[in-house]
Amino acid sequence: MKKIVPLIIMAFMLSNCSENDGGIDCALFDPGFPSLYVRLIDQNGDNLIGNGTIEPNEIILLKGLGFRYNPPNEFAVPDSDIRKFDNTIKLYIPNESTFQYIIKLSETDVVTLDISAQRKNIPCGLFYYIPTGILQNNTELQIEEVFTLEFIAEITI
């Protein structure tokens, strides 16, 4: 009897894994999803939120899924890569291959971003979109993948 109980438990555990998902238990699968951050800079490369030129509380989203201000990380080492996300805006990525953000930064500054993304299928029938291109006034912006699925672009104001 002592040998049967572990065999039953093992059979139950194996039956919960789907062969189509590479043995992943979809009930426990918690994937990471991409994030897109934008840093607002001037012609000299200075962060406009960081130097106080743009107040994050005054930023208004005119079109887009949503955004969140990302304040400085007070616990990060000064020269670490995580510092690239200090004083940035995180844009939410919809499940679409093309989408637009229109962001009002001040009474005179409005930024329009046309973003393209590529669908990526992951196990358990899930998917997400990875940003592949950003146009600001028909000018292509560089997108840097700082960490896995963590992207950042600089917008010159």
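**View 1. The order of elements along the chain.** Reading along the sequence, you get α-β-β-β-β-β-β-β-β-β-β. That comes to 1 helix and 10 strands, where helices (H or I, at least four residues) and strands (E, at least two) are DSSP runs, numbered from the N terminus. This is a predicted model, in which local features need pLDDT of at least 70, side-chain atom pairs count only at pLDDT 80 or more, and totals for chains, interfaces and linings use all residues. Residues are numbered from 1 along each chain as its sequence is written, and side-chain values use heavy atoms, with hydrogens and water left out.

**View 2. Strand β1 and its cover.** Take residues 35-41: this is β1, and 7 of its 7 residues are buried (under 20% relative accessible area, 1.4 Å probe, protein chains only). S35, Y37, R39 and I41 point one way, while L36, V38 and L40 point the other. For the protein's 157 residues, the buried share is 34%.

**View 3. The strands beside β1.** Strands count as paired here if DSSP finds at least two bridges between them. With β10 (residues 150-156), β1 runs parallel, joined by 7 bridges. With β4 (residues 88-91), the pairing is antiparallel, over 3 bridges. Zoom in on Y37: its bridge partner in β10 is I152, and in β4 it's K90.

**View 4. Contacts across the chain.** Count contacts (heavy atoms within 4.5 Å) between residues at least 6 apart in sequence, and 51% of them join residues at least 24 apart.

Technical notes:
Buried means under 20% relative accessible area, exposed over 50%, partly exposed in between (1.4 Å probe, protein chains only).
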